[in-house]
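Hello,

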Amino acid sequence: MTTPLPRRVAIPALPAMLRAAPAGGRVQELSGATMGTTWSVKFVGSAASRQTLGRAIPLALGRVIAQMSPWEERSDISRFNRRPVNEWQALPPELFKVVTSALRVARESDGAYDPTLGALIDLWGFGPSGPRTKPPTPDEIAARHHARGWRQLNLDTERRRLRRSGSGSIDLCGIAKGFAVDLLAETLHAHGIHHALVEIGGELRGHGVKPDNDPWWVEIDRPARTVAGPTPPMLVALHDLAIATSGCERGFAHGTRHFSHTLDPRTGWPIANGMITATVLHPVCMEADAYATALMALGPDAAIDFAIAHSLAALILFRQGDAITERTTPMLDRMLS
């Protein structure tokens with residue numbers, strides 16, 4: 001008989017008066033496809049609320065796609081990327097919120113997260129132009145890398161508009177999915193749902209508890225090749241908390257080398273710093289998403305230093321030679337029971 005793996009448990013600080021789930025409530029479930037992946041929602045509510053949310057959720061996700069998808073020619077982002085340099089474009093409220101957060105994380109990480117990688121992402125085969133089977137030439141990479149740079153973006157916070165001083169194209173895929181998770185959580189709350197677990201493509205945000213007053217438990221993502229690693233899996237109680245994991249498994253192989261879909265904005269090349277995954281726990285999934293992306297580019301030591309400096313609850317997995325190593329931050333360690 002196989003012995004179950006031990007598990008560690010992380011529990012965030014809970015309010016003194018924890019709201020109980022409605023008496024007699026049942027877990028309702030909804031799911032679908034969006035943004036090239038899947039979404040799911042579990043919540044404590046009635047069958048009637050399930051029908052209402054079945055209409056409201058696709059509308060909310062549609063707004064994210066209409067504003068932030070580089071695959072949609074008529075999206076706000078695509079229109080901005082076609083706009084001449086130094087010409088302002090008004091931003092709808094959701095996109096303004098995401099761009100504001102993206103620029104702040106870019107500034108905090110000194111460009112380890114950069115929302116102007118659109119042309120490079122597309123060049124490497126991870127954007128609207130479709131996949132490729134071999135890397136682009138160094139000259140092609142250098143040209144697109146020279147064009148990018150988050151500092152070329154000028155955000156007018158009073159008039160809620162954006163312009164750029166260079167030709168770098170915006171790609172918000174490292175933050176938009178997290179924002180979509182937040183938007184669904186807010187949509188549920190607007191419909192009177194206070195006990196729910198929202199998931200899009202493996203990024204999650206939880207509120208309240210299940211009908212038995214147990215928390216929404218999720219396991220921190222560990223790629224298949226690390227399952228037999230040196231540390232047991234970690235379960236997290238997602239009570240008023242979100243979790244996002246960025247990794248490097250997606251990509252393509254050419255010869256003996258694997259080219260990750262996660263690019264280092266500072267070089268224009270896929271990361272090759274030993275990082276396997278970076279997981280961030282944060283009250284806001286949009287923030288967790290962007291920070292996890294930045295940690296992947298920073299590399300193990302700088303990622304931990306950055307996470308500690310910004311009081312992030314984070315876990316990273318990275319390769320040292322043939323060994324796989326895990327490191328956690330003090331903010332996460334304090335949650336472990």
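Glu94 and Arg63 form a salt bridge, with 2.9 Å between the closest N and O atoms; the term means a side-chain nitrogen of Lys or Arg within 4 Å of a carboxyl oxygen of Asp or Glu. The two residues are 31 apart in the chain, Glu94 in helix H3 (residues 93-108) and Arg63 in helix H1 (residues 47-68). Helices (H or I, at least four residues) and strands (E, at least two) are DSSP runs, numbered from the N terminus. Glu94 counts as buried because its relative accessibility is 16%, while Arg63, at 36%, is partly exposed. Buried is under 20% relative accessible area, exposed is over 50%, and partly exposed lies in between (1.4 Å probe, protein chains only).

This is a predicted model, in which local features need pLDDT of at least 70 and side-chain atom pairs count only at pLDDT 80 or more, whereas totals for chains, interfaces and linings use all residues. Residues are numbered from 1 along each chain as its sequence is written, and side-chain values use heavy atoms, with hydrogens and water left out.

By the salt-bridge rule the count comes to 13. Another one joins Arg104 to Glu287, with the closest N and O atoms 2.2 Å apart. This pair links helix H3 to helix H7 (residues 285-298), across 183 residues. Arg104 is partly exposed at 23%; Glu287 is buried at 10%. Arg104, Glu287 and Glu108 are linked in a network of salt bridges.

Arg83 and Glu87 also meet in a salt bridge (2.7 Å, N to O). Arg83 is partly exposed at 22%, as is Glu87 at 34%.

Regards
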